[in-house]
Each structure stands twice: as C-alpha cells, then as structure tokens.
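Please read this note with the structure open beside it, and check each point against the atoms as you go. The points are numbered so that they can be discussed one at a time.

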Amino acid sequence: VQFHFIGNQAVNFQYYWEPIMKDLPSNCKVWGERNDVDSFYQAADLFLFTSIFELNPLSIKESLEYSKPTMIFNLDTYRRKYDGENNIYYLTGDPITDSNKLLSLLN
C-alpha cells in the first residue's frame, strides 16, 4: 500500500508533523501544497482521512465526488452527515480493525 499526503504543513502544528517527517516509511510520499489535487483523487483507490479534530473538511466531500471509498472518524462535528453515504467507512481507532477494513476495501 502506497500512501500519498497532500496539503500544507502548517507552522503552528510543526511540533506535531516535523518529527514524523524525519523518518518516513518508504511507502509514504509527502507532496505538500498542490494545484492538481484532482489528479490524486482520480488516481487513488481509497481516501483515508485520519483527523480527529475537524469542522467541515472539503477533502471528504471531494473524495465522495470521485466516488472513492472514504475512511474517516465519525466526529461529533459532522453531526452524522455521512451516515447514509455509500462510500463512507468509519474508522474505529483500533489499528488492527482499521487496517483490515482498509485492506478489505482495496481487495
């Protein structure tokens, strides 16, 4: 499984992401800010959004527009908006359960 990370690395969260960037696994590629995010959605087999603190992210909506299986946490701020979506799969926070679900979705 190859993971692609797209988006900014906000300076106000540098303490969080900077240590991770120093020793990335070989199956992770960080692209930073891009003007061609649509290309990544089109090429992706699945969209994984692991944030546990969000309001109303556009990335989830974009993923659904491309009919991609989308794994997200069922955050209170989403107000159960995605419960009826066919391509939404809720993360549990358990690494084994979530990894098995991801692998199942990828066949």
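Which residues form a nonpolar patch on the surface, and how much accessible area do they have together?

1. The patch consists of Phe 13, Tyr 15, Tyr 16, Ile 20 and Leu 24, which together have about 570 Å² of accessible area. Patches are built from residues with over 30% relative accessible area and no salt bridge, where like charges are joined within 9 Å and nonpolar side chains (Val, Leu, Ile, Met, Phe, Trp, Tyr) within 5 Å. The accessible areas come from the Shrake-Rupley method with a 1.4 Å probe, and for residues only the protein chains shown count as cover.

2. Before going further, note that this is a predicted model, in which local features need pLDDT of at least 70 and side-chain atom pairs count only at pLDDT 80 or more, while totals for chains, interfaces and linings use all residues. Residues are numbered from 1 along each chain as its sequence is written, and side-chain values use heavy atoms, with hydrogens and water left out.

3. Helices (H or I, at least four residues) and strands (E, at least two) are DSSP runs, numbered from the N terminus.

4. Strand E1 (residues 3–6) and strand E2 (residues 28–32) run parallel and are joined by four bridges; two strands pair if DSSP finds at least two bridges between them. His 4 stands opposite Lys 29 in E2, and Ile 6 stands opposite Gly 32 in E2. On the way from E1 to E2 the chain passes through helix H1 (residues 14–21), in a β-α-β crossover that is right-handed, a word used when, with the strands pointing away from the viewer, the path from the first strand over the helix to the second runs clockwise.

5. The side chain of Thr 70 makes a polar contact with the side chain of Ser 63 at 2.5 Å, and a polar atom of the Thr 70 side chain lies 2.8 Å from the backbone oxygen of Lys 68. A polar contact is a pair of N or O atoms within 3.5 Å; within protein, one must be able to donate a hydrogen and the other to accept it, and residues adjacent in sequence count only if both atoms are side-chain atoms.

6. Ser 51 is found in the loop between strand E3 (47–49) and H3. The side chain of Ser 51 reaches the backbone nitrogen of Phe 53 at 3.3 Å and makes a polar contact with the side chain of Glu 54 at 2.8 Å.

7. Side chains of opposite charge can pair when their charged atoms come close. A salt bridge is a side-chain nitrogen of Lys or Arg within 4 Å of a carboxyl oxygen of Asp or Glu, and by this rule the count is two. Asp 36 and Arg 34 meet in a salt bridge at 2.9 Å, N to O, whereas for Asp 83 and Arg 80 the closest N and O atoms are 2.7 Å apart. Asp 83 counts as partly exposed at 36% relative accessibility, and Arg 80 counts as exposed at 54%.

How values were computed: Buried means under 20% relative accessible area, exposed over 50%, partly exposed in between (1.4 Å probe, protein chains only).
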